[in-house]
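I opened the model to look through its side-chain pairs and one of its helices. My notes follow in the order I looked things up.

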Amino acid sequence: MPLHKSDLEAITAAVRRFVDERLIPAEARVAAADEIDPDIVDGMRELGLFGLSVPEEYGGLGLTMEEEVLVMLELGRASPAFRSLAATNVGIGSQGISIDGTAAQKASYLPRIATGELIGSFALTEPNVGSDAVAVQTRARRDGDHYVLNGTKRFITNAPRAGVFTVMARTDPDKPGAAGVSAFIVEAGTPGLSIGKPETKMGQKGSHVADVVFDDCRVPAANIIGGIEGRGFHTAMKVLDRGRLGIAAACTGFAERIVGESVDYAATRRQFGKAIADYQLIQAMIADSRTEALAARCMVLETARAKDAGRDVGIEASCCKLFASEMVGRVADRNVQIHGGAGYIADYPAERHYRDVRLYRIYEGTSEIQRLKIGRDTVRARAR
């Protein structure tokens, strides 16, 4: 059930204050240390940011898609590292269990995910499996009342912090493609599960990714999501639809912030005797950025409302993720250009923003995969 308007306004206002007073001032420090301060993580827990989408009966806020998007528009104004930590729980870290889990699985894991006691992680990508998600090679062999997992997952967000992983593994090697893939809940510390060295990334410092390795890792059969083999890929796709809307909202919130920073700099930087904001070519860049950010906001909110109304928004979610992730890259690029030489210097946030937003076009489905999915599904829809 949707929140009362005043309750939603209170939540978004609290997140806005937290972003302005705690997160944005900490960005440079977090980027330098490649670590989010523990007291900031505690503050995110207190705000309920880890359980936005978890149903109220399990201790979460149970937000609708539109409500979640409105919160992500605010949280997304801060460095993507903060969003990555909390929103991985909200989306891909918890949604597999929330959407397709058994009653026992939901009762066991969702309350701890909602409070942030458990950080969730989604393990799909492999060294030879990225965009071709149905080609999962990690194996899960049934052995009595357990499955034995063997394989390596790559570039897994939150892996070093995670307390629980949603893992896609092939339970039936004789079934190619999606039909042989199942989803498992695997707890950190399970014998046979190990975490690789955190990767050194281009941007988004403070958000950690690493390999997750399974070496004869024994997982209880009761931990197969939904209790049924062969549904893992379908679970993953449902999870990613919601995740893509969340990412699109975060891209939009960050773009809106960057537009503001572009304007602030242009209004104070003087050349040829006047502020560069008075020059039409600078105004044109600001106008393009403002227009694209508004378009993304409208797309995301409209699609979120459609999802809440029960419509299948697979195509629209991909459209939002594609447009918003590409859009924020253009906005960050224009911001560097408006800053001129200063935009290339790490003392100014424009340089960090430019690097941070680059990943949005890659994870949870690259721009190329979104285009393929949008085109394919649009053509298929015509044939029906």
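**Salt bridges**

I began with the charged pairs and counted 25 salt bridges. The model is a predicted one. I then went through some of the pairs.

I looked up R16 first. R16 forms a salt bridge with E74, and their closest N and O atoms are 3.1 Å apart. The pair links distant parts of the chain: R16 is in helix α1 (residues 5-33), E74 is in helix α3 (residues 65-75), and 58 residues separate them. Is E74 buried or exposed? At 13% relative accessibility, E74 counts as buried. I noted R16 as partly exposed, because its relative accessibility is 34%.

I followed this pair further. R16, D20, E74 and R77 are linked in a network of salt bridges.

Next I took D39. D39 forms a salt bridge with R22, with 3.2 Å between the closest N and O atoms. D39 sits in helix α2 (residues 38-46) and R22 in helix α1, so I put this down as a link between distant parts of the chain, 17 residues apart. D39 is partly exposed at 44% relative accessibility. R22 is partly exposed too, with a relative accessible area of 31%.

Then I turned to the strands. The side chains of D143 and R218 meet in a salt bridge at 2.8 Å, N to O. D143 lies in strand β2 (residues 139-143) and R218 in strand β7, so the pair ties together parts that are 75 residues apart in sequence. I have D143 as partly exposed at 33% relative accessibility. R218 also counts as partly exposed, at 38%.

**Aromatic pairs**

How many aromatic pairs does the structure hold? I found three. I wrote up two of them.

Y147 and F184 form an edge-to-face pair, 5.0 Å centre to centre with 65° between the planes. This pair links distant parts of the chain: Y147 is in strand β3 (residues 146-157) and F184 in strand β5 (residues 181-187), 37 residues apart. I checked both for burial. Y147 is buried, and so is F184.

Y265 and Y348 also form an edge-to-face pair, 6.4 Å centre to centre with 90° between the planes. Here, too, distant parts of the chain are linked: Y265 is in helix α7 (residues 232-268), Y348 is in the loop between α9 (314-339) and α10 (349-356), and they are 83 residues apart. Y265 is buried, with a relative accessible area of 15%. Y348 counts as partly exposed at 35%.

**Charges over rings**

I noted two such contacts. R45 lies over the face of F50, 5.9 Å from the ring centre. The charged end of K274 sits over the ring of Y279, 4.6 Å from its centre.

**Positive phi**

I looked for positive phi values outside glycine. F155 has one, near 55°. F155 lies in strand β3. Why does F155 count as exposed? Its relative accessibility is 53%, and the cut-off for exposed is over 50%.

Q204 is not a glycine either, yet its phi is positive at about 50°. Where does Q204 lie? Q204 is in the loop between β6 (193-195) and β7 (209-220). I have Q204 as buried, with a relative accessible area of 1%.

**Helix α11**

I finished with helix α11 (residues 367-383) and its 17 residues. At 1.5 Å a residue, the helix should span 24 Å. Its end C-alpha atoms are 25 Å apart, which agrees.

Which residues of α11 are buried? S367, Q370, K373, I374 and D377 are buried. They cover an arc of only 120° around the axis, so I placed them on the same side of α11. On the other side of α11, E368, L372, V379, R380, R382 and A383 are exposed.

I then asked what the buried side touches. The buried residues of α11 pack against α7 and α9.

Notes:
Residues numbered from 1 in each chain as written. Predicted model: local features only at pLDDT ≥ 70, side-chain atom pairs only at ≥ 80, totals over all residues. Heavy atoms only, no water. Phe/Tyr/Trp six-rings, centres within 6.5 Å; stacked < 30°, edge-to-face > 60°. Helix = DSSP H or I, 4+ residues; strand = E, 2+ residues; numbered from the N terminus. Buried < 20%, exposed > 50% of the residue type's maximum accessible area, 1.4 Å probe, protein only. Lys NZ or Arg CZ within 6 Å of the ring centre and 35° of its normal. Salt bridge = Lys/Arg side-chain N within 4 Å of Asp/Glu carboxyl O. Expected span 1.5 Å × (residues − 1). Arc of directions from axis to C-beta. Contact = heavy atoms within 4.5 Å.
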